[in-house]
Amino acid sequence: MFRSRRAGLMRRLWRQRCATAGPEDGPSTLKPAAHALFKKLKDEDLELLVLAVESRGAWESSCVWAPRGDVRGAKQGLPPQVLLCRLFRWPDVHQPHELKHLCYCAGHRGVCGDLAALCCNPHHFSRLAVPESPPPSYSKASCGPSWPDEPQHPGTQLLEFSCKGGDWHDTSLSQSTIKDGCWCKLAYWEHRTRVGRLYAVHEASVNVFCELPWGSGFCLAQLPAAHRSRAVRRARGKIGRGLLLSREAGGIWAYNRSKHPIFVSSPTLSPPGARRLTVLKVLPGYSAKVFDYEQVGGKGGWRLPGEGPSDPHSIRISFAKGWGPCYSRQFITSCPCWLEVLLNQLR
């Protein structure tokens, strides 16, 4: 009975493998290594792996601990985490440095209790959006609007977003926010209209989503829905599981949990000394460091062309739709659904 149960779990796992791998290095070539790894897992870890893979990361599952080192029988000697990510998520992953632990993984915090074991839960990892990789054409520096030579009105409190041709909306962080102990507040926008109140974040990470089974965080589906255009409804339908924002050593990371890309802009995404805006496209399943505390340093505020004063301690994220001079949407206020992350300047 015991053997038949483990065999059944292994069959369930194998049925969940990716179907898009190439014929020369597809799932069938990884089968000996995968089954060898499955046999090494403890009963509870094998069951956790089945639940994580079958749910496709819809909930924050526990770590799945496996022996460190290459798996015997693997064609390229793949480490356990690479093997399972390749089998169940990304067939083109080859090396551990292409992956990043998510913030809720114990392996990310260096807590495993056994130096001979590591987490291999494929939904505890993301692909790493490497800054050095060539950006798409719309995010090249040559496409973006110029930054001004000097900060505008240094030393004054910035009003963190100007609706073009409309009233100012003050969403900058106040001293009361700092006293509350939150590291950021989230503002959700539809075009030029902010929807709902600011959402304060006190935990180290937060999910922002419309649909997330067994999830907690900033649920956009619970916000008011009056006078919502068709374009906004279409864009909201693509948010799904949304994104995970995490405050980690040195900066803020965004993990795209949805099935559609997200687009990010922040002062520290542009190369040092850059005078133009960079908009970074983050594909589904990828993570990117979207804000670097060291790079922002003592920067003052500046005025974005057509958008008014901007707080240098802020991040803007558009769901599914990009913006910039190479798009029909010139400014983020033209995007149907977007998020403003207002960071507490006292780290």
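Which residues does arginine 329 touch, not counting residues up to four places away in sequence?

Modeller: Happy to walk you through that spot. Please keep in mind that this is a predicted model.

Leaving out residues up to four places away in sequence, arginine 329 touches Lys321, Gly322, Trp323, Gly324, Ser334 and Cys335. Arginine 329 itself sits in the loop between β16 (314-319) and β17. Its relative accessible area is 18%, and because the cut-off for buried is under 20%, arginine 329 counts as buried.

β16 and β17 both belong to an open sheet of six strands, ordered β6-β5-β17-β16-β11-β12 and paired in the antiparallel sense. At the edges stand β6 (193-201) and β12 (280-282); each has a single partner strand, so one side of each is left without a neighbour in the sheet. From one strand to the next, the twist averages 20 degrees. If you follow β17 (residues 338-343) to its partner β5 (residues 184-190), you will find an antiparallel pairing over six bridges. Within that pairing, cysteine 184 has leucine 343 in β17 as its bridge partner.

As a general point, side chains of opposite charge can pair when their charged atoms come close. The structure holds nine salt bridges.

Take arginine 6 and aspartate 43, whose side chains meet in a salt bridge with an N to O distance of 2.6 Å. Arginine 6 belongs to helix α1 (residues 2-15) and aspartate 43 to helix α3 (residues 43-55), so this pair ties together parts that are 37 residues apart in sequence. Arginine 6 counts as buried at 14% relative accessibility, whereas aspartate 43, with a relative accessible area of 34%, is partly exposed.

Glutamate 248 and lysine 100 form another salt bridge, with their closest N and O atoms 3.1 Å apart. This one links distant parts of the chain, 148 residues apart: glutamate 248 is in strand β9 (residues 243-248) and lysine 100 in strand β2 (residues 99-101). Both glutamate 248 and lysine 100 are buried.

Aspartate 292 and lysine 289 also bring their side chains together in a salt bridge, at 3.3 Å from N to O. Here aspartate 292 counts as buried, at 14% relative accessibility, while lysine 289 is partly exposed with a relative accessible area of 31%. There is a network to look at too: salt bridges link Asp92, Glu98 and Arg127.

The protein's secondary structure comes to seven helices and 17 strands. Of its 347 residues, 50% are buried, and arginine 329, where we began, is a buried residue as well. Among contacts with a separation of 6 or more, 67% are between residues 24 or more positions apart. The protein exposes about 16,800 Å², and carbon and sulfur atoms supply 51% of that area.

Key: Residues numbered from 1 in each chain as written. Predicted model: local features only at pLDDT ≥ 70, side-chain atom pairs only at ≥ 80, totals over all residues. Heavy atoms only, no water. Pairing = 2+ DSSP bridges. Helix = DSSP H or I, 4+ residues; strand = E, 2+ residues; numbered from the N terminus. Axes fitted to C-alpha atoms, helices over the stretch in contact; angles between N-to-C directions. Salt bridge = Lys/Arg side-chain N within 4 Å of Asp/Glu carboxyl O. Buried < 20%, exposed > 50% of the residue type's maximum accessible area, 1.4 Å probe, protein only. Contact = heavy atoms within 4.5 Å. Areas by Shrake-Rupley, 256 points an atom, 1.4 Å probe, with all protein chains shown as cover.
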